[in-house]
Amino acid sequence: MTVEHWSDLKCHPSTRTEVVRAIGVLVRRSSSELQMTFRLDGDIPRVRIAPPGVPRINPELWRHTCFEAFIAVDGQQAYHEFNFAPSGEWCVYVLSCYRNGGPVADETMRPQTAVRSTESRLELDALVRLDSLSAIHPHASLQIGLSAVIETSDGLSYWALRHPADKPDFHRADGFALLLEPPGPEG
C-alpha cells in the first residue's frame with residue numbers, strides 16, 4: 001500500500017514573484033521510498049535553471065532554483081534535508097537539531113530525479129530511499145517539510161507548506177507540516 005498526499009506550497013509574503021503562478025507537490029510514501037513530484041506553473045523561460053548535467057553533489061543549491069524536502073521521524077529533533085535541482089545536482093544534509101549539521105557526501109543517499117519542462121510548467125520527480133536514512137525511517141511516522149527556492153528574472157522567491165517566521169526559514173520544525181504515517185503491511 002502507498003500513502004499519497006497533494007500539497008500546495010505558499011510563497012513567503014516577503015518574496016513575491018510574478019513569474020511563478022503556483023507550486024504543488026504530490027508525495028507518495030511506501031514502506032521503503034518517499035516519492036515527490038514538484039510541479040511549478042508559471043513563465044518557465046523566466047525561471048533561472050542551470051542546464052542539465054551529470055548528477056553530482058552541490059551544497060550551494062539553495063542559492064538558486066531548487067526543490068527541497070525535510071524529513072524527520074515524528075517526535076525527534078534530528079532531520080535530513082534534501083535539495084534537488086533541475087540540473088540533476090543534489091545535496092543531502094544530516095542535522096541533529098535545528099540547523100546543527102551539514103552536508104554529507106554519501107552516494108547511497110543520492111536521490112533519483114527526473115525533470116520535464118514546457119513553456120508553462122516544470123516538473124521534478126525525486127525519489128528518496130528511506131532505508132538510506134536509517135533503519136527506523138521506513139517504519140516510523142514522518143514529519144515532512146516541502147519547499148522551493150525559485151530564482152527568476154525578478155529575484156528569489158521562497159515557497160513552503162508553512163512559513164512560521166517573518167523571514168523565510170525552511171529549517172523550523174513547525175514548518176514540517178505534513179505528517180506521513182507508515183503504510184499498511186502491503187506497502
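**From fold to single residues**

Mentor: One point before your questions. Among contacts in the chain between residues at least 6 apart in sequence, 62% join residues at least 24 apart. Keep in mind that this is a predicted model.

Trainee: How many helices and strands does the secondary structure come to?

Mentor: Read along the sequence, the pattern is β-β-β-β-β-β-β-β-β-β-β-β. The secondary structure comes to zero helices and 12 strands.

Trainee: What radius of gyration does the chain have, against that of a compact globule?

Mentor: The C-alpha trace spans about 45 × 35 × 30 Å along its principal axes. For 187 residues, a compact globule would have a radius of gyration near 16 Å. The chain agrees with that, at 15 Å.

Trainee: What share of the residues counts as buried?

Mentor: Take the surface first. The chain exposes about 8,900 Å², and carbon and sulfur atoms supply 51% of it. Of the 187 residues, the share that counts as buried is 48%.

Trainee: How many disulfides does the structure hold?

Mentor: A disulfide needs two cysteine sulfur atoms within 2.5 Å. The sulfur of Cys11 is 15 Å from the closest cysteine sulfur, in Cys66, so the gap is too far for a bond. Cys66 is in no disulfide either, as the nearest cysteine sulfur, in Cys91, is 9.7 Å away. The number of disulfides is zero.

Trainee: Is Cys66 buried or exposed?

Mentor: Buried means under 20% relative accessible area. Cys66 has 0%, so Cys66 is buried.

Trainee: Are the rings of Phe70 and Tyr79 stacked, edge-to-face or tilted?

Mentor: The count of aromatic pairs comes to eight. In this pair, the ring centres are 6.2 Å apart. Stacked needs planes under 30 degrees apart, and edge-to-face needs over 60. The planes of Phe70 and Tyr79 are at 45°, so the pair is tilted.

Trainee: Which residues form one aromatic cluster with Phe70 and Tyr79?

Mentor: Both Phe70 and Tyr79 are buried. The cluster that holds them also has Tyr158, Phe170 and Phe176.

Trainee: Is Pro103 buried, partly exposed or exposed?

Mentor: Pro103 is found in strand 7, residues 100–104. Exposed means over 50% relative accessible area, and buried means under 20%. Pro103 has 48%, so Pro103 is partly exposed.

Trainee: Which residues does Pro103 touch?

Mentor: Val54 is 49 residues from Pro103 along the chain, and their C-alpha atoms are separated by 19 Å. Again, leave out residues up to four places away in sequence. Pro103 then touches Pro59, Cys91, Val92 and Tyr93.

Note on methods. Residues numbered from 1 in each chain as written. Predicted model: local features only at pLDDT ≥ 70, side-chain atom pairs only at ≥ 80, totals over all residues. Heavy atoms only, no water. Buried < 20%, exposed > 50% of the residue type's maximum accessible area, 1.4 Å probe, protein only. Phe/Tyr/Trp six-rings, centres within 6.5 Å; stacked < 30°, edge-to-face > 60°. Helix = DSSP H or I, 4+ residues; strand = E, 2+ residues; numbered from the N terminus. Rg over C-alpha atoms; globule rule 2.2 N^0.38 Å. Contact = heavy atoms within 4.5 Å. Areas by Shrake-Rupley, 256 points an atom, 1.4 Å probe, with all protein chains shown as cover.
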